[in-house]
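Please look over the sequence and the model, then read the points below, which are grouped by topic.

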Amino acid sequence: MRFLSCFALCCVGLSLMGPAHAKFEPQGTKAVIAQLGQGNEVQIGTVSFKPHLAGKQEFALELDHTKFTDFFLSMREFKCLQGETEVSCHIPYPYKSPNVISDGDYVWLEHRLMFMFKRPSEFGAKLWNGVYFKFDIKDDRLIGLPQAVDLNKIGAPPNDLNEPPYPDQERHETNIEQRLIKALVIR
């Protein structure tokens, strides 16, 4: 009887603590959300995960081009999100890559979700204004915060296609408040 009372007391205590926080699981298909200013969100695509070798997950990214506006910049078409003070254009990573992630290592997914920004009044692609979204787990989602990169670097293929061209030392802080896309969220 004493055991049942202790067990009941423990169960009540655990229920008062609230639900356990869910952890992001890279399985199935998840939404890719661009968080803009004033709490606005746009689902710009999906990413699908499936098991790969050695505890890694393979991913396939599919952007929803209906959410973007076409811009013809520097003799090329870009898919862009347009704000009042900034245009943010997706820059597809142009080379073959492993397209795998592992716990805490999202670098290839980050390379597939790079953007560049420009003012609406400016002409041409401004590849030196690159935006790289560094992902970290927060509860049941991946949150990518913007960092500055020079996308001119990927104008030529890297020596080793299995080595990402934008390691930590190639990325820098950016003023998030000035960016159209404040964060990318995968949930």
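The largest pocket is lined by 14 residues, and those nearest its centre are Gly37, Gln38, Glu84, Thr85 and Leu180. The model is a predicted one: local features need pLDDT of at least 70, side-chain atom pairs count only at pLDDT 80 or more, and totals for chains, interfaces and linings use all residues. Residues are numbered from 1 along each chain as its sequence is written, and side-chain values use heavy atoms, with hydrogens and water left out.

**Pocket**

- A pocket is an open set of points on a 1 Å grid over the protein atoms alone, where a 1.4 Å probe fits, with protein on both sides within 12 Å along at least five of seven lines; lining residues have an atom within 4 Å of a point.
- The volume of the largest pocket is about 340 Å³, a volume being the space filled by probe spheres set on grid points that are joined across faces, edges and corners.
- Its lining divides into two nonpolar, six polar and six charged residues. Here Ala, Val, Leu, Ile, Met, Phe, Trp, Tyr, Cys and Pro count as nonpolar, Asp, Glu, Lys and Arg as charged, and the others, Gly among them, as polar.

**Fold and sheet**

- The protein has two helices and eleven strands, taken as DSSP runs numbered from the N terminus (helices H or I, at least four residues; strands E, at least two).
- From the N terminus on, the order of elements is α-β-β-β-β-β-β-β-α-β-β-β-β.
- Eleven strands make an open sheet with antiparallel pairing, in the order E4-E5-E6-E8-E9-E10-E11-E1-E2-E3-E7. Strand E4 (69–73) and strand E7 (100–101) are the edge strands, each pairing on one side only.
- Two strands pair if DSSP finds at least two bridges between them. Strand E9 (residues 130–138) is joined to E10 by nine bridges, and the two run antiparallel. Lysine 138 has arginine 141 in E10 as its bridge partner.

**Burial**

- Of the 187 residues of the protein, 40% count as buried. Buried means under 20% relative accessible area, exposed over 50%, and partly exposed in between (1.4 Å probe, protein chains only).

**Salt bridges**

- The structure holds ten salt bridges, each a side-chain nitrogen of Lys or Arg within 4 Å of a carboxyl oxygen of Asp or Glu.
- Glutamate 86 and arginine 179 form one of them, at 2.7 Å from N to O. This pair links distant parts of the chain, 93 residues apart: glutamate 86 is in the loop between strand E5 (76–82) and strand E6 (87–91), and arginine 179 is in the loop between strand E10 (141–149) and strand E11 (183–186). Glutamate 86 is buried at 2% relative accessibility, and arginine 179 is buried at 4%.
- Aspartate 168 and arginine 171 also meet in a salt bridge (2.7 Å, N to O). Aspartate 168 is exposed at 53%, whereas arginine 171 is buried at 9%. Elsewhere, salt bridges that share partners join Asp70, Glu77 and Lys79 into one network.
- The side chains of aspartate 70 and lysine 79 meet at 2.5 Å, N to O. Aspartate 70 is partly exposed at 46%, and lysine 79 is partly exposed at 21%.

**Disulfide**

- A search of the whole structure finds one disulfide, meaning a pair of cysteine sulfur atoms within 2.5 Å.
- This disulfide joins cysteine 80 to cysteine 89, with 2.0 Å from S to S. The link of cysteine 80 and cysteine 89 is right-handed, with 100° about the S-S bond, and both cysteines are buried.
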